[in-house]
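This report goes through a structure one element at a time. Keep the sequence and the 3D view open while reading.

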Amino acid sequence: MNKKKLSKTLAVVAISGGLIAVSAVVVPLITSTTFDHKVPETYSASSRQEVPAIALTNTNVPVLKVEADIPVSTVEEYLRETMTDEEIQQIYRYVDGNKTGKNNSTRKMTDQETKRLEVLKAQYIYEGIRPQKPLPLKAGAYSFYFDLSKVIFVYPKRPLTDEELLQYIDWHARVNFALGQRVEKSQPDTKDISETDALAKAHDSVTRLFDVDLSKLKVTTSYHKFGPGQIGEWYVHFQPYNAESLQASGETYFMYDVFIDSLTGNVVDTTLFKSTYKRTPITAAMKEQIKQDHSWIDAAKTILREKQGETREITNVSYIEDVKYDQRGLVPVSVNMKDGSSYIAELRYPEKTLRCLIYEPAKQAMQ
């Protein structure tokens with residue numbers, strides 16, 4: 001699961017949740033934020049029954065700032081009413097002809113432009129603010145346009161105006177909407193758990209592991225099938241409604257992703273994203289210290305016992321050696337259970353707080 005996690009997450013986000021979820025991938029709005037996105041060195045499980053108390057979550061978690069009234073987006077309705085078949089077909093030709101899947105540009109947006117873009121995106125989604133004119137799609141008497149034939153955004157040397165930023169947002173919204181029309185969404189089978197059950201399991205996992213109130217967060221659920229065996233999986237995403245505004249203002253907010261096996265109902269991945277978290281890459285010297293510090297092992301075991309509620313016998317605990325984890329400032333601890341199932345607890349360095357808990361059931365662990 002962990003090796004495929006990033007690609008699966010992107011695939012899920014790219015085809016779920018409508019405009020808001022998709023636009024996070026197609027429109028590069030969150031580039032200024034650092035999100036945390038095996039050859040084990042064995043350390044035998046301790047026979048001790050008592051494990052030292054470990055800080056499992058960040059004690060300085062701020063109160064999530066969410067509007068009293070849940071905001072409602074009218075974007076999909078707006079695009080459904082205003083987009084023509086000709087426009088949709090034009091977008092299909094553009095996407096199908098863009099072999100690289102990337103758009104070039106004459107320059108990058110500045111930090112200030114990106115922050116303004118975030119604010120305007122939230123207003124576009126929740127307040128109904130629209131550009132006065134669509135984004136020009138070919139060269140002409142414009143300071144800012146997207147040359148569709150050359151697949152390049154042409155920027156003025158000056159900062160983009162609010163109107164131009166809204167045109168940028170609106171164009172990507174239209175692309176996302178058009179692509180969404182031809183995505184054949186997977187449907188759960190009768191043997192799969194229901195969406196209601198999946199949401200309940202996701203809610204329970206996040207609240208247990210991270211001690212957070214999810215009552216005022218926006219929830220996106222979707223069902224997908226992966227691989228030759230078409231294995232079904234539910235994906236549940238929690239985030240503040242005003243994430244774009246919080247992002248633009250540099251305030252801290254949290255998002256949570258949960259993956260659930262649709263046949264067994266097992267929660268196989270629960271991940272926390274913190275918008276303002278600053279990674280501390282782990283050097284070789286730090287790594288040697290970690291290997292000698294059993295408190296990381298104790299922290300992982302404490303999380304499983306006190307947060308996850310795991311009662312099965314632990315047979316082995318080991319550190320996972322991977323330079324990618326080191327670069328991201330994570331200490332991954334693998335925990336094997338007597339029945340053949342296993343967990344990976346990703347702990348942030350140096351806090352020992354949980355970022356992600358991945359579960360692999362016995363039948364998968366023994367393959």
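## Helix 10

Helix 10 has these buried residues: Ser295, Trp296, Ile297, Asp298, Ala299, Ala300, Lys301, Thr302, Ile303, Leu304 and Lys307. The model is a predicted one. Because eleven of the 13 residues of helix 10 are buried, this helix is largely enclosed by the rest of the structure.

Helix 10 covers residues 295-307. From its first C-alpha to its last, helix 10 reaches 17 Å, close to the 18 Å expected at 1.5 Å a residue. Just after helix 10 comes Gly309, with a positive phi of about 75°.

## Helix 5

Helix 5 runs over residues 111-126 and has 16 residues. The distance from its first C-alpha to its last is 23 Å, close to the expected 22 Å. Just after helix 5, Gly128 has a positive phi of about 75°.

Which residues of helix 5 are buried? They are Glu113, Thr114, Leu117, Glu118, Leu120, Lys121, Ala122, Tyr124, Ile125 and Tyr126. An α-helix has 3.6 residues a turn, so residues three or four places apart point the same way.

## Helix 3 against helix 6

Helix 3 (residues 75-82) packs on helix 6 (residues 162-181) at an angle of about 80°, and their axes are 11 Å apart. This angle makes helix 3 roughly perpendicular to helix 6.

On the helix 3 side, the contact is made by Glu76, Tyr78, Leu79, Arg80 and Thr82. They meet Asp170, Ala173, Arg174, Phe177 and Gln181 of helix 6. Sorted by class, the contact of helix 3 with helix 6 has four nonpolar, two polar and four charged residues.

## Gln90 in helix 4

Gln90 lies in helix 4, which covers residues 85-97. Is Gln90 buried, partly exposed or exposed? Gln90 has a relative accessibility of 28%. Buried means under 20% and exposed means over 50%, with partly exposed in between, so Gln90 counts as partly exposed.

Leaving aside its neighbours within four places in sequence, Gln90 is in contact with Leu137 and Leu148. Gln90 and Val175 are 85 residues apart in sequence, and their C-alpha atoms are 9.7 Å apart in space.

Three strands form an open sheet in the order 2-4-3, with mixed pairing. Its edge strands are strand 2 (104-105) and strand 3 (145-147), each of which pairs on one side only.

Strand 3 pairs with strand 4 (residues 152-154) in the antiparallel sense, over three bridges. Phe146 has Phe153 in strand 4 as its bridge partner.

Strand 7 (residues 254-261) is mostly covered, with eight of its eight residues buried. Phe254, Tyr256, Val258 and Ile260 point one way from strand 7, while Met255, Asp257, Phe259 and Asp261 point the other way.

Strand 7 is joined to strand 6 (residues 231-239) by six bridges, and these two strands run antiparallel. Trp234 stands opposite Ile260 in strand 7. Strand 7 also pairs with strand 8 (residues 267-274) in the antiparallel sense, over seven bridges. Val258 stands opposite Thr270 in strand 8. Strand 7 and strand 8 form a hairpin with five residues between them, and Gly265 in the turn has a positive phi of about 80°.

Why is strand 11 described as largely enclosed by the rest of the structure? Strand 11 spans residues 342-348, and seven of its seven residues are buried, so the description applies. Ser342, Ile344, Glu346 and Arg348 are on one side of strand 11, and Tyr343, Ala345 and Leu347 are on the other. Both faces are covered.

Strand 10 (residues 330-337) pairs with strand 11 in the antiparallel sense over seven bridges, and Leu330 stands opposite Arg348 in strand 11. These two strands form a hairpin with four residues between them, where Gly340 in the turn has a positive phi of about 100°. Strand 11 is also joined to strand 12 (residues 354-360) by six bridges, and the two run antiparallel. Leu354 in strand 12 is the bridge partner of Leu347. The hairpin of strand 11 and strand 12 has five residues between the strands, and in this hairpin Lys352 takes a positive phi near 65°.

Notes: Residues are numbered from 1 along each chain as its sequence is written. This is a predicted model: local features need pLDDT of at least 70, side-chain atom pairs count only at pLDDT 80 or more; totals for chains, interfaces and linings use all residues. Side-chain values use heavy atoms; hydrogens and water are left out. Buried means under 20% relative accessible area, exposed over 50%, partly exposed in between (1.4 Å probe, protein chains only). Two strands pair if DSSP finds at least two bridges between them. The expected span of a helix is 1.5 Å times one less than its number of residues. Axes are lines fitted to C-alpha atoms, for helices over the stretch in contact, and angles run from 0 to 180 degrees between N-to-C directions. Angles under 35 degrees count as roughly parallel, over 145 as roughly antiparallel, 65 to 115 as roughly perpendicular and the rest as oblique. Contact means heavy atoms within 4.5 Å. Ala, Val, Leu, Ile, Met, Phe, Trp, Tyr, Cys and Pro count as nonpolar, Asp, Glu, Lys and Arg as charged, and the others, Gly among them, as polar.
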